[in-house]
Amino acid sequence: MDMREVYVVAGSFVGFQVLFSCVSPVLSSNFTEGYGKLPPNKLNDWNSRLVSTVHALIVGLFCVYILWYDDAVNEDPFWGDPNLVKLNVAITCGYLFYGMKLCFILPGACNWSAMGDVFFVCHHLAALYAYGFVLTRGALPYFANFRLISELSTPFVNQRWFFEALGYPRTHTVVGNGVAMAIVFFLVRIAVMPPYWAKVFATFGTPTFERLGLAIQVAWIVSCVCLDILNTIWMYKIARGCYKVITGKLRGSKVVSKKTNYTNNHTD
């Protein structure tokens with residue numbers, strides 16, 4: 001791994017830690033009514049989710065740029081010039097180190113329970129192991145970048161949590177964010193599965209695939225399978241929740257409409 005990536009990982013770690021400890025509390029308390037009334041565990045969760053949103057926007061938009069404009073990576077997904085992808089992955093690795101450190105210092109800040117924290121750390125370790133091959137060997141830049149585009153759904157997921165933490169009623173804004181969350185989650189995590197795996201399967205047995213070696217092959221395939229299983233489960237839960245909210249709002253509108261009609265008729 002080049003020193004440039006080392007500096008980016010370290011800078012990313014420090015930057016996200018400062019954002020969590022200093023920037024988020026100040027900005028949130030000044031611009032969000034109700035932030036200061038949250039209990040300590042929710043304050044930590046709030047700050048960690050704000051950091052998560054910033055990371056997702058930086059990395060996700062960078063991914064889109066690479067997919068559109070980095071011809072070297074798109075033409076050779078295994079060994080194409082990985083400079084931009086390595087930079088993006090280094091930012092994510094710094095974020096992953098920050099997240100694990102946060103879980104050890106503030107248990108529960110990264111998830112919802114002790115078991116959730118264990119899963120969180122295991123997930124981050126697996127991701128670091130897989131991304132390590134990109135940083136050290138420059139392998140699979142296209143596929144690593146393609147997986148990171150899923151981060152674009154994170155801001156909507158976090159926004160949903162922010163609304164719930166502040167006790168917002170289910171207004172059109174809240175419901176609209178929920179619908180947008182479901183749509184974006186589907187587009188960047190589920191709809192991309194067929195073309196992604198088609199590209200993966202097309203490489204099996206080729207000299208380029210064999211050149212990767214067993215360690216990279218296992219890290220690549222196993223991590224992707226596990227992530228897609230989790231994404232499918234989460235998509236099911238999101239879609240079910242979205243359906244309940246939308247149908248509930250529609251039923252509520254019908255009830256209000258009937259009551260209004262009855263009142264008007266009675267007045268007449």
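## Basis

This is a predicted model, in which local features need pLDDT of at least 70, side-chain atom pairs count only at pLDDT 80 or more, and totals for chains, interfaces and linings use all residues. Residues are numbered from 1 along each chain as its sequence is written, and side-chain values use heavy atoms, with hydrogens and water left out.

## Helices α1 and α2

Helix α1 covers residues 3-31 and helix α2 residues 40-69; helices are DSSP runs (H or I, at least four residues) numbered from the N terminus. Their axes come within 9 Å and cross at roughly 110°. Axes are lines fitted to C-alpha atoms over the stretch in contact, with angles from 0 to 180 degrees between N-to-C directions. α1 is therefore roughly perpendicular to α2 (angles of 65 to 115 degrees).

On the α1 side, the contact (heavy atoms within 4.5 Å) is made by Phe16, Leu19, Phe20, Ser24, Pro25 and Ser28. Residues from α2 include Trp46, Leu50 and His55. By class, this contact has eight nonpolar, six polar and no charged residues. Ala, Val, Leu, Ile, Met, Phe, Trp, Tyr, Cys and Pro count as nonpolar, Asp, Glu, Lys and Arg as charged, and the others, Gly among them, as polar.

## Helices α2 and α7

The axes of α2 and α7 also come within 9 Å, crossing at roughly 155°. The two helices are therefore roughly antiparallel (angles over 145 degrees).

Among the α2 residues that meet α7 are Lys42, Asp45, Trp46 and Arg49; α7 contributes Thr154, Pro155, Asn158, Trp161, Phe162 and Ala165. The contact divides into eight nonpolar, four polar and three charged residues.

## Cavity and pocket

There is one cavity of 30 Å³ or more. On a 1 Å grid over the protein atoms alone, a cavity is a set of points where a 1.4 Å probe fits but cannot get out, while a pocket is an open set with protein on both sides within 12 Å along at least five of seven lines; lining residues have an atom within 4 Å of a point. The largest cavity holds about 70 Å³ of space, and its lining includes Phe146, Arg147, Tyr196 and Asp228. That lining has six nonpolar, two polar and three charged residues.

The second largest pocket has a volume of about 340 Å³, a volume being the space filled by probe spheres set on the points. Of its 18 lining residues, Arg160, Glu164, Arg170, Gly178 and Val245 lie nearest its centre. Helices α7 (154-165), α8 and α11 each give two or more residues to this lining.

Conventions
Angles under 35 degrees count as roughly parallel, over 145 as roughly antiparallel, 65 to 115 as roughly perpendicular and the rest as oblique.
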